[in-house]
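Please read it alongside the sequence and the coordinates.

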Amino acid sequence: MKKLSIIAASLALLMAMTQCKKEEQPTSSGQNNVVSITLDIKGNGGTRMDVNTTTGEVAYATGDIVYVASGGHYVGTLTHNGTHFSGTITDPEVGAPLHFYFLGNVAPAETLTAGTTTTCSVVISDQTEHLPVIEYAPSNETYTEGVTSFTSHLLNKCALVKFNVTTSSEVATCITGFNNKVTVDFGENTVTPSQEGTGIIKLPAGSGEKWAILLPQAAIQGGSAYSEDGEYTGTYAAVPAVISNGYLTTGIVVTVTTKVNPEVHVGAFTINTNGDQVYFSQGNLQYQASTNTWRFAEHQYDYIGEANSNISSSYSGWIDLFGWGTSGYDHGAVCYQPWSTSTSYSDYNAYGSESYNLYDGNGQADWGYNAIANGGNTANSGWRTLTQPEWDYVFNIRNTTSGIRYAKATVNDVNGVVLLPNNWTADIYALNNTNSSGANYTSNTISATDWANTLEANGAVFLPAAGYRNGTSVNSAGSDGYYWSSSYSGFSGAYYVEFYSTNLNAGKSNVRQCGQSVRLVRSAQ
C-alpha cells in the first residue's frame with residue numbers, strides 16, 4: 001500500500017537574538033530570550049500547501065503556519081512567506097530539541113501564549129477547501145545559543161483516504177463517526193486524536209471522487225452521511241482501520257440521495273378563520289449544547305425524558321424540554337439559552353418585557369429562528385411556534401374532511417395525541433374516541449409500522465407525552481404532555497397545550513421557567 005509521504009524537511013533556522021523585558025515573557029529555562037528564526041524547507045519549491053492525491057506528497061504555501069514548542073510549552077509561530085518560514089520563538093530550552101507542529105492551517109480552539117501554553121486542540125471537520133494535514137517532529141539538533149540551523153523530518157499523523165460520493169445535493173457532504181479533533185500536548189510532545197461531537201468530516205460539494213484526511217482510529221462498519229443543508233441523508237460503507245501515514249485509495253462509497261422531509265407535506269392544518277395553513281415539523285425540537293446544534297427528533301414519537309435532568313451549557317447529550325423563549329439568541333431575557341435552569345419566571349421575559357410574545361420584537365425569542373440541522377439548516381427560514389389561538393383552532397375549531405381533529409393514542413408504546421390533517425378521511429385508519437379531551441391514551445393503540453405506513457404517510461402528527469422540567473428535575477415523562485405556544489399570559493406566564501390521560505386543554509397557562517416541549521410549524525402556502 002502506498003504511504004502518504006511528507007517531503008523531508010531540512011530546516012535551516014537563522015537566529016538573531018534580542019533581549020526582551022523580563023516581565024513581558026514568561027520563563028521556563030531562565031534564558032528570557034526572544035529568538036528571530038528563518039526556517040527553510042528544502043525540496044518543495046515553495047508550492048501551495050496541499051496533498052498530491054496521486055503521490056501522497058505534501059507541499060507548503062504562503063501563509064502556512066508551523067507551531068514551535070520547547071521546554072514543555074508553546075514558544076512561537078513561524079509563517080511561510082512563499083520561500084521559507086519565519087517568526088520568533090520565546091525562551092527556547094538550552095540543551096533540548098525544538099518541536100515543530102504543522103496543524104493543517106486550522107486555528108487552535110485555545111489562545112496560545114508563548115512561554116505559557118502547554119496544550120491546544122484543533123478540529124479538522126471542514127475539508128471543503130483544503131486537506132488539513134497534521135504533522136509533528138522534533139529537531140535533530142538541540143538548541144544552543146549561537147546555533148543558526150536545525151534539521152527535522154516532519155512526520156504525518158493522519159491518513160489520506162479516497163471517498164466515492166453519490167449525492168443529490170449541490171452542497172458539501174458530511175460523514176459522521178470519525179476522529180476529527182487533535183489535542184497537542186507541548187509538554188509531552190504528543191498529538192492525540194479524538195472525536196468532537198458526532199465526529200463530522202465535511203467533504204467538498206458534489207458527486208465523484210473526494211479525498212479526506214482522517215485521523216487514526218479503529219475500523220468503522222459504516223455510518224451515516226447527509227448533505228450540509230440537511231435536505232438529503234444517506235450512509236457510507238465500511239472504513240478499514242486508519243493509521244498514521246496511511247494512504248487508502250480503494251474509495252469508500254458514500255451515498256446521500258434520500259430526501260429528508262422536515263415537514264409533513266401530505267396534510268396541512270388550518271390555524272385561523274383566514275384559512276392560513278401550516279405543516280408541522282417531523283418531530284419535537286431537540287438541542288445539543290456541546291455542539292450548539294438544533295434538530296428535530298428522528299421520529300414523531302421520540303422524546304428525551306429523564307435525561308433532560310443533565311441539562312447544562314456543556315452537555316453532550318440532547319435535551320427537548322425548554323424554558324419559554326430560550327432560543328439561544330440574546331433577545332433581552334436574563335435566561336435565553338436553551339440550557340437555562342433558573343426557577344424565576346422573570347428571568348424568561350421575552351425581549352426583557354413581561355408583556356411581549358415570542359413573535360414580538362425581532363422574533364429571535366422564538367426557537368424557530370435557529371438553523372435546524374434537519375429542517376433546512378438555515379436561520380430564520382420560516383419555522384415558528386404556534387400562538388395560543390392557533391393551537392386552540394387546530395384542536396377545537398377547524399373543519400376537516402372527516403370531522404376528526406385529534407385522538408388520544410399510544411404510538412409505538414408512547415402515550416400522546418394524534419392530530420389529523422384537514423384532508424384526513426375516516427377510512428384511512430379507524431380511530432376511537434376522537435375529538436375527546438377526556439379519552440384515555442389506550443383508546444387507540446398504534447404500532448410503529450401502522451404509524452409510519454398509514455397515519456404519518458397520510459399527514460398525521462403525533463405529540464408525545466414528554467413531561468416537563470423544573471430546574472433540573474424532570475416530571476411526568478411518558479404520562480403528560482406540555483407544549484409551549486408563542487403567546488404570553490399575564491406578568492409571569494405563557495400559554496401552552498396540556499394533555500394527560502383524562503384531559504386536554506389548548507389554553508393552559510404556566511410560569512415561564514418551566515421546561516416544556518416545543519413543536520414547530522411553517523407556512524403551507
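A salt bridge is counted where a side-chain nitrogen of Lys or Arg lies within 4 Å of a carboxyl oxygen of Asp or Glu. The model is predicted, so local features require a pLDDT of at least 70 and side-chain atom pairs count only at pLDDT 80 or more, whereas totals for chains, interfaces and linings use all residues. Residues are numbered from 1 along each chain as its sequence is written, and side-chain values use heavy atoms, with hydrogens and water left out.

The structure holds four salt bridges. One of them joins the side chains of E498 and K508, with an N to O distance of 3.9 Å. E498 belongs to strand β33 (residues 493-500) and K508 to strand β34 (residues 503-511), so this pair ties together parts that are 10 residues apart in sequence. Strands are DSSP runs of E with at least two residues, helices are runs of H or I with at least four, and both are numbered from the N terminus. E498 is buried at a relative accessible area of 11%, while K508 is partly exposed at 29%. Here buried means under 20% relative accessible area, exposed means over 50%, and partly exposed covers the range in between (1.4 Å probe, protein chains only).

Another salt bridge links E228 with K202, whose closest N and O atoms are 2.8 Å apart. Because E228 sits in the loop between β18 (223-227) and β19 (232-236) and K202 in strand β16 (residues 201-203), the pair ties together parts 26 residues apart in sequence. In this pair the acidic residue E228 is partly exposed, at 31%, and K202 is buried, at 17%.

A further salt bridge brings together the side chains of R384 and E390, at 2.9 Å from N to O. R384 is partly exposed, with 27% relative accessibility, whereas E390 is buried, with 11%.

Attention now turns to the histidine. H331 is located in the loop between β24 (293-296) and β25 (384-385). Is H331 buried or exposed? Its relative accessibility is 8%, so H331 counts as buried. A polar atom of the H331 side chain lies 3.0 Å from the backbone nitrogen of Y351; a polar contact is a pair of N or O atoms within 3.5 Å, and within protein one must be able to donate a hydrogen and the other to accept it, with residues adjacent in sequence counting only if both atoms are side-chain atoms. Leaving aside residues up to four places away in sequence, H331 touches G325, Y336, N349, A350, Y351, G352, Q364 and A365, where contact means heavy atoms within 4.5 Å.
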